[in-house]
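My notes follow in the order I checked them.

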Amino acid sequence: MAGAVDDLKLLGAWYSPYVLRVRLALSIKGISYEYAEEDLQHKSELLLRSNPVHNKVPVLIHGGNPVCESLVILQYIDEAFGGAGPALLPADPYERAVARFWAAFIEDTLVKAMNQASWSKTEGEKVEGNKQATAALNTLEAALRDISKGKCQDPDSMSHRSSRKPFFGGDSAGYVDIILGGLLAGVRAMEAMLGVKAFDPVTMPLLAAWADHFGALDEVVAVMPDVSRLVELFMTMHAQIAAEAATAN
């Protein structure tokens, strides 16, 4: 990578969408770092010491100083390594506020709904989660049209693959794209398992195009986890949830 940084280490888990956000940011900005895979069943002393409040990944350690929580880490990367690669957040204060708003929406609304749809123990909870996730994605579809600076007005024109890129950041992937992009590998795995499209190209053409364009970026491909490996993990987790539900009944 172009931006070599000494004493930069990321503690993570390969399957975590929150860790993936950080890896995407570092890759897009061209920053090299040391990656340490954590066994979250047997957490390292470094992780426990670096994130004593939550004991969770990701943790970015820069110059011996730990930074925790993926959204905080992304902003830290953008500020601490401003000279490396493209900026993740816009320079304009209003546009920065808009980006932070949609990041919070993804975190507080979409992620919670998707987790409920995927990991609830009852069908009723899963159905409600799916309903909420679809509503959140429809909201993001409209937002992508509004804040992508006109790049997404005509999905059919994206076949020209010129400057019309369906990114939340406009001409290039930025903060909101990375936060939503952290979910992309998990979404692809669930699509493979269920045989359905989360980003329906008919009802959500802009998000479908966004997913294709973002997922095809070289910087994204370089750090995306293997979908088939995620499918195996998710199937195991679903089996465990089903067994626990059966025992409870």
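Is Asn55 buried, partly exposed or exposed? I found Asn55 partly exposed, with a relative accessible area of 24%. I use buried for under 20% relative accessible area, exposed for over 50%, and partly exposed for in between (1.4 Å probe, protein chains only).

Ground rules next. I am working on a predicted model, where local features need pLDDT of at least 70, side-chain atom pairs count only at pLDDT 80 or more, and totals for chains, interfaces and linings use all residues. Residues are numbered from 1 along each chain as its sequence is written, and side-chain values use heavy atoms, with hydrogens and water left out.

**Loops and backbone angles**

I stayed with Asn55. Its phi is near 55°, a positive value in a residue other than glycine. Asn55 sits in the loop between H2 and E3. Helices (H or I, at least four residues) and strands (E, at least two) are DSSP runs, numbered from the N terminus.

Pro58 is in the loop between helix H2 (45-50) and strand E3 (59-62). I checked the peptide bond that joins Val57 and Pro58: it is cis, with omega about 5°.

Glu69 also has a positive phi, near 75°, and is not a glycine. I placed Glu69 in the loop between strand E4 (65-68) and helix H3 (70-80). Its relative accessibility is 40%, so I logged Glu69 as partly exposed.

**Helix H1**

I checked the length of H1 (residues 17-29). The expected span of a helix is 1.5 Å times one less than its number of residues. For the 13 residues of H1 that gives 18 Å, and the end C-alpha atoms are 18 Å apart, which agrees.

Why do I call H1 largely enclosed by the rest of the structure? Because ten of its 13 residues are buried. Among them are Val19, Leu20, Val22 and Leu24, and also Arg21 and Lys29.

I then looked at both ends. At the start of H1, a side-chain oxygen of Ser16 comes within 3.2 Å of the backbone nitrogen of Tyr18. Just after H1, Gly30 has a positive phi of about 70°.

**Core**

I looked up the largest nonpolar core and counted 71 residues in it. Such a core is a set of buried Ala, Val, Leu, Ile, Met, Phe, Trp, Tyr and Cys residues joined through side-chain atoms within 4.5 Å. Leu140 and Trp210 have the most contacts inside this core. H4 gives the largest share, nine residues. Domain 1 (3-80) and domain 2 (93-230) both contribute residues, so the core lies between them. The domain bounds come from an automatic or database domain assignment.

Contact here means heavy atoms within 4.5 Å. Leaving out residues up to four places away in sequence, Trp210 touches a list including Leu144, Phe167, Asp177 and Phe199.

**Ser118**

Ser118 belongs to helix H4 (residues 93-119). Its relative accessibility is 13%, so Ser118 counts as buried. Beyond neighbours within four places in sequence, Ser118 contacts Lys126, Met190 and His238.

**Whole chain**

I noted ten helices and four strands. From the N terminus on, the elements run β-α-β-α-β-β-α-α-α-α-α-α-α-α. Of the 249 residues, 43% count as buried. Among contacts with a separation of 6 or more, 66% are between residues 24 or more positions apart.

Terms used. Polar contact = N/O pair within 3.5 Å; in protein donor to acceptor, adjacent residues only side chain to side chain.
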